[in-house]
Amino acid sequence: MEKEIYIINRLLEHDLKKFAFKIGAIKNPPHLKTSEAVEALNIAEKLSRDYLNEDAKQRCLLICALIWEHKNSEWDALPSYLTRLLARIGLIPVTKMLSKDESFESTGSVIDDLYFSSNLHKAEVSLTEGKNLILSNFQKKLWDSIDKYNFLGVSAPTSAGKSYILVNKVIQSLLNENRNFLFVVPTISLINQLSNDFRKALKNFSIDDCDIHHFIPIESNDFLSKNIYILTQERLMSGINSNSINLNDLDIAIFDEIQNIERAHLEEDERAKRLHESILTLLHDFKPKKMIISGPRINNISDLTKKLFGENSISITTELPPVLNMTYSFSYFEKKLKLKQYNYVVNDVHELELENTFIKQNLFGKQNYNKNIIELVNNLINNLNSDQSGTIIFSPTSKQSSKIAKLLTEEKSNIEKNESVDSLSDYISETIHPNYELVTTVKKGVGYHHGKMPLHLRNVIEIAFKEFNIRNLVCTTTLIQGVNLPAKNIITRNPNLYTKRSNNHSNPTLTGYEFGNLRGRAGRLMQDFLGRTIILDEEMFLEKSINPAVNPTRTIEPSYQTRFKRNEKKLNSILINNLEVEKSIPDKDIIIYIRQMVIKYGEESDEILQKVGIFLTPSVLNSVKDSMSRLSLDIHTLASNRYWDPLTLTRLHELNLRNRFPNIPTTPFDKEYVRKIFECLIFLEKHCPIQFYKYFKTSPLTNRTFFYRLIVKAQSWSQGKSLNEIISWKQEITNEDIETTLDDVNKYVQYNLPTILKPLVDINGEENNILYFMETGVFSLFERELIELGLNRELAIRVTKQLKTPTFKKNLSGPTRKIELKQFLIKNKSVLNYWDRKQIDLII
């Protein structure tokens, strides 16, 4: 055992020195002797035979990955040797990476080839004749478990290939004539990514009678015979609450990134609540044939699965990722500059003392991105990208991402003539504004990516990064939420999610678990054996109790029980006395939840409440049932406004009956649109201050300029004006103006405004699509159809303007019209911009 540890540590020391040389921290490159590599491989050979031991498999993978990373060009037999080891530890798909043509290497031994063939046969599954998948042991176990069980929980490292299995299992089900599937993911970026994965798979298997929905279709006939819904939890619950989606015949429902459910018990986290409630609602109301939850490194996945689905559920876990992650950090202590190396397989920390001149010491312990930190990052990315790999620079906030990109490129010249990059810069200038920072930075090889960017920008930046048109990308926590951006290297300064410390507000930071998910994104699956994470200021991580040598798991307990017990007496009193929630009432969300569950489920509400840790006495429950049964507002309107107190909604209903409601516009072309929306907001602030101030931090009466400008943006957006038109409302436009407008549209126009206005529209009772126009940003029927086909908003507007709107045959049904739309785009896309075509190609 001591010899094994010594040999592995020697290999790790070589890797540290090789990395130091690569980034220019030391002058002389280390040399890995053939004898040292052979000794390490002999250890890996022994470890590979202990394939039931997770620790042994991880140490074997570590040796294989490091030997491959630092291989000598003369080691011709290495691919065949590693093939044998990786097959034993259950990573057969990775062995294809060892071959130049992505075929499986011979092991060099007839007996071992027979053994490999036997394992290959066990790892192979057939989708249809001539099309098979080769799976890792974990993937094969997951594949078989989906067939065998109806309720399943999955926990695995970021790069273990969970999504690959879930997508292909849906494809297999489609080929077997199953019809309806649901994926719930946390972000629009993930909807886009998963939709693209499905479209490729549908095309590959010639499945042309299946539709992908990432919005709830307006018309009930907008369905093909087979359907895949890919929705956020908000879009799912909106469809359920409005009865605009029929999920009664779901074959499989999958909830990915389930770790986001953890904060469901907190009053302020509505997103987590919606995720939790969407699972329970789907399970109780629609009863899918199969339900799956999936997330990274959840240590109580078995308990969580049983709490959600019952005792007949099972869980699948693995700790073995197909990509090894190495973490390197800079530390300055007692006037000594050190480069340290961490990994979560071996506990030993290796360090190398560097010349103090390599890094200027005044960058440690600071928040601001000054000249010294930018010089260091530029030095790192210039050296790291020499091996044809991409680098991601982590940004604490979306606003900071553009600033970092600008600083990184200020002293850079444009990259060598590249028509794709030049056209990308022109495309961003045309669709956003010439003064947008991204226009300049992409020309110098640096882009940025965050959740507040318009979807068409995120699309083209992701495409450009994957195709190596840009090699460096500044990213926010979108990475943690599962967006796959193929980078071998991730650079992060510190764990802070802020740039200036606040004394009045919280100062959020990454947790150790979130940092583990972040660095799990380093390394391209099936392209890299090893991914690197570089920490620029180690002490800042240690201050937040984040140990780079540890890959923490997470325990998830989505329950209201603790909070309910804490204020049970007060909450029961409010429920019995039928008091409307107000600012002074504690745990307002629990009161609302109880009332809404009683309205929706009646006699079954007690069972539903107990599932989330709320145990009411019969007298309290009967009191709530009695008070809810006497409300004058219809149940559908009450239930479709799930996060409003039913008593508040009923009070608004009574105001409407007395003609006290403001006028609500029905079209964004209403000449009085701005005044009417403004009056609606004044009305809501007066009568529903708790709800109003959840979405707006200021009053329309004291900040008229902000609200008028916001409503004007909402009107232009709803009319289908392009972002470029909305942004260019004055002559002198700065990058800050542009980012403010994009943020307003993303936060207020698409979400906060329609959310706060929804009860007024519902209670008013007249048919009104004004909220749909706000949420989607399109008005014309053709643009709406393009969006429902899968085009993003800006792309749909550009297609409409550049191509003559087609005249279709009359009375085409929804599915037939979508087929006609796709054929129209295929026929005419050649006249569109290159980057418009690239996005359309992902869809058709």
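Which handedness does the β-α-β unit made by β14, helix α16 and β15 have? It is right-handed. The model is predicted: local features need pLDDT of at least 70, side-chain atom pairs count only at pLDDT 80 or more, and totals for chains, interfaces and linings use all residues. Residues are numbered from 1 along each chain as its sequence is written, and side-chain values use heavy atoms, with hydrogens and water left out.

View 1. Helices (H or I, at least four residues) and strands (E, at least two) are DSSP runs, numbered from the N terminus. Right-handed means that, with the strands pointing away from the viewer, the path from the first strand over the helix to the second runs clockwise. Strand β14 (residues 446–449) pairs with β15 in the parallel sense over four bridges; pairing requires at least two DSSP bridges between two strands. Tyr-448 has Val-474 of β15 as its bridge partner.

**View 2. Strand β15 (residues 472–475) is covered on both faces.** Asn-472 and Val-474 lie on one side, Leu-473 and Cys-475 on the other, and all are buried (under 20% relative accessible area, with exposed over 50% and partly exposed in between; 1.4 Å probe, protein chains only). In a regular strand the side chains alternate between the two faces of the sheet. Strand β13 (residues 391–394) runs parallel to β15 and is joined to it by four bridges. Leu-473 is the bridge partner of Ile-392.

View 3. Axes are lines fitted to C-alpha atoms, for helices over the stretch in contact, and angles run from 0 to 180 degrees between N-to-C directions. His-456, Asn-459, Val-460, Ile-463 and Ala-464 of α16 meet Trp-835, Lys-838 and Gln-839 of α35, where contact means heavy atoms within 4.5 Å.

**View 4. Seven strands form an open sheet with parallel pairing.** The order is β5-β6-β4-β7-β8-β3-β9. The edge strands, β5 (210–213) and β9 (314–317), each pair on one side only. Neighbouring strands are turned by 15° against each other on average, direction ignored. Helix α10 (residues 270–286) packs on the sheet, touching β3, β4, β7 and β8, and its direction makes about 165° with that of β7.

**View 5. Helix α21 (residues 588–601) is largely enclosed by the rest of the structure, because 13 of its 14 residues are buried.** Gly-602 follows α21 and has a positive phi, near 55°.
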